[in-house]
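Me: I have a model open and want to see how it is put together. Take me through it in short answers, please.

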Amino acid sequence: MEVDMTPHVLLLDNNVELSHMYSRAFRTRGCETRAIYDAETALRELKEGDFVPDVIVMDVMMPNMNGVQFLTEIRKDERFENVPVIALTNMRNDEYTEKFPEPAIDLFLNKLDHELSDVVERVIDIVTKHQA
């Protein structure tokens with residue numbers, strides 16, 4: 001049986017336009033992506049569905065359920081407890097750590113400080129190292 005090494009990326013951001021841009025960029029690099037625009041829907045789809053991401057790229061601040069609440073919930077499921085999480089947000093790192101010290105984020109990137117291509121490369125690098 002052949003192992004699927006295609007990176008599976010969950011994009012979680014309430015900014016639909018930005019999510020579409022990232023989805024296209026990841027697909028161009030050979031990734032399978034699933035873009036979901038609110039944390040409650042993402043949580044439900046992950047728990048009920050068969051999509052298990054290799055990495056989660058998410059905003060921290062979202063309506064209804066923020067990214068930290070989402071992460072706390074999915075970490076309770078053993079399928080997702082070791083999935084790397086990249087926070088892609090407008091918050092500064094010190095703002096994040098002051099407000100949300102737990103659970104840990106594997107990589108924190110400010111949306112304004114990083115080009116789309118840089119984010120995609122860094123995410124793919126994390127997935128590649130995690131799959132090794």
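Reply: One term before the rest: helices (H or I, at least four residues) and strands (E, at least two) are DSSP runs, numbered from the N terminus. This is a predicted model, where local features need pLDDT of at least 70, side-chain atom pairs count only at pLDDT 80 or more, and totals for chains, interfaces and linings use all residues. Residues are numbered from 1 along each chain as its sequence is written, and side-chain values use heavy atoms, with hydrogens and water left out.

Me: Fine. In what order do the strands sit in the sheet?

Reply: The order is S2-S1-S3-S4-S5, five strands in an open sheet with parallel pairing (two strands pair if DSSP finds at least two bridges between them). Strand S2 (32-36) and S5 are at the edges with a single partner strand each, so one side of each has no neighbour in the sheet. On average, neighbouring strands are turned by 20 degrees against each other, direction ignored.

Me: How does the chain get from S3 to S4?

Reply: Through helix H3 (residues 67-74), in a right-handed β-α-β crossover: with the strands pointing away from the viewer, the path over the helix runs clockwise.

Me: Where does H3 lie?

Reply: H3 lies across S1, S3 and S4, at about 160 degrees to S3. Helix H2 (residues 39-48) lies across S1 and S2, at about 130 degrees to S2. Angles run from 0 to 180 degrees between N-to-C directions of lines fitted to C-alpha atoms, for helices over the stretch in contact (heavy atoms within 4.5 Å).

Me: Switching to H5. Which residues are buried there?

Reply: Val 119, Val 120, Val 123, Ile 124, Ile 126 and Val 127. They are on the same side of H5 because they cover an arc of only 160 degrees around the axis (taken from the directions from the helix axis to the C-beta atoms).

Me: What covers them?

Reply: The cover includes helix H1 (16-28), S3, S4 and strand S5 (107-110).

Technical notes:
Buried < 20%, exposed > 50% of the residue type's maximum accessible area, 1.4 Å probe, protein only.
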